[in-house]
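Please look over the model below before reading my notes.

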Amino acid sequence: MADVLNLTVSEAATIFANDRDVIRALQPIVDVGLEYVKLGQPVPTLSGGEAQRLKVAGFLADAAKSSTASRQAVARRGTLFMLDEPTTGLHFDDIAKLMRALRKLLDAGHSLVVIEHNLDVIRASDWLIDLGPEGGEAGGEVVAHGTPEDVMLHATSHTGQALREYAAAMGVVHVVAEPRAAYLGHAVDAVLARAAGDGGLTDASNSIRIVNAKEHNLKSLSVDIPRGKFNVVTGVSGSGKSTLAFDILFNEGQRRYLESLNAYARSICLLYTSDAADERSSVDLGGRRIIKKKKNQSLNVVVLLPTHNI
């Protein structure tokens with residue numbers, strides 16, 4: 001047993017290549033780029049990023065178990081995964097592996113909200129929420145939202161500028177006009193309207209809608225987070241990314257989960273409370289607005305944080 005625990009995941013996968021159950025458990029760990037970790041390595045010795053990716057691997061393994069012999073996913077309720085800068089400290093090749101693993105979570109019917117500054121991750125997202133315009137008291141607003149291509153054409157977004165510079169370095173030039181210029185054509189106006197014109201709200205028929213959030217430096221922020229998509233929250237440091245993701249969205253999911261428990265179970269659980277929203281604030285879970293003070297609603301949220309943040 002000691003010899004087996006001393007094997008790396010890669011070595012174990014080679015030795016037990018003919019054991020379907022073992023490979024099913026090990027393959028997700030390989031998929032997130034942790035094939036070098038030993039089977040018996042204590043979890044507390046992992047770095048924050050490694051621990052976060054190991055949690056992702058666990059959910060990938062669950063998704064694999066829920067698949068039928070025809071490889072069609074079994075219908076189940078999707079989970080919202082929230083990750084805080086999962087690419088920190090990763091090599092470019094490891095980032096590519098992580099992105100493929102996250103896409104597998106989406107294929108299994110889950111949703112992703114990722115706080116990230118890495119431009120490759122931002123470019124690969126389905127929906128981008130850019131907060132700012134600056135940090136601290138000058139932040140807390142939705143600067144732009146939409147696809148990465150939409151945000152790239154936003155004239156005042158720091159993220160849009162970084163995306164344009166990144167694309168220019170690869171030989172692709174995007175011409176951006178000022179949003180208020182009188183000579184803008186209707187096509188460009190439509191893109192700008194999608195990126196910033198409505199303050200962050202879109203069709204909520206299949207989205208989580210946050211309305212009037214005021215925690216910390218958020219300034220009555222309203223934004224939609226599409227379900228079943230790879231959503232990235234970005235912006236300069238101190239713009240309110242973590243506040244939006246964890247102080248607002250995660251705490252609301254936690255509160256609703258605890259309210260679904262019986263009175264005794266709730267009495268032994270500690271719940272973080274804050275004034276992140278008032279009576280005019282709400283979180284809408286896809287086409288139906290739920291005021292934060294209403295009861296018996298649940299939101300399945302899993303937060304994956306580096307261990308030093310827990």
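The notes below cover a surface patch and some backbone details.

1. This is a predicted model, in which local features need pLDDT of at least 70 and side-chain atom pairs count only at pLDDT 80 or more, while totals for chains, interfaces and linings use all residues. Residues are numbered from 1 along each chain as its sequence is written, and side-chain values use heavy atoms, with hydrogens and water left out.

2. Met1, Val4, Leu5 and Leu39 make up a nonpolar surface patch, with about 370 Å² of accessible area together. Areas come from the Shrake-Rupley method with a 1.4 Å probe.

3. Met1 sits in the segment before helix 1 (2-5). Met1 counts as exposed because its relative accessibility is 75%; exposed means over 50%, buried under 20%, and partly exposed in between.

4. The peptide bond from Gly132 to Pro133 is cis, with omega near 5°. Pro133 belongs to the loop between strand 3 (127-132) and strand 4 (141-146). Helices (H or I, at least four residues) and strands (E, at least two) are DSSP runs, numbered from the N terminus.

5. Asn212, in strand 5 (residues 207-213), has a positive phi near 65°. Asn212 is buried, at 12% relative accessible area.

6. Ser220 also has a positive phi, near 50°, and is found in the loop between strand 5 and strand 6 (221-226). Ser220 is partly exposed, at 36%.

7. Why note these angles? Most residues other than glycine have a negative phi, and most peptide bonds are trans.

Key
Patches are made of residues with over 30% relative accessible area and no salt bridge: like charges are joined within 9 Å, nonpolar side chains (Val, Leu, Ile, Met, Phe, Trp, Tyr) within 5 Å. A salt bridge is a side-chain nitrogen of Lys or Arg within 4 Å of a carboxyl oxygen of Asp or Glu. Buried means under 20% relative accessible area, exposed over 50%, partly exposed in between (1.4 Å probe, protein chains only).
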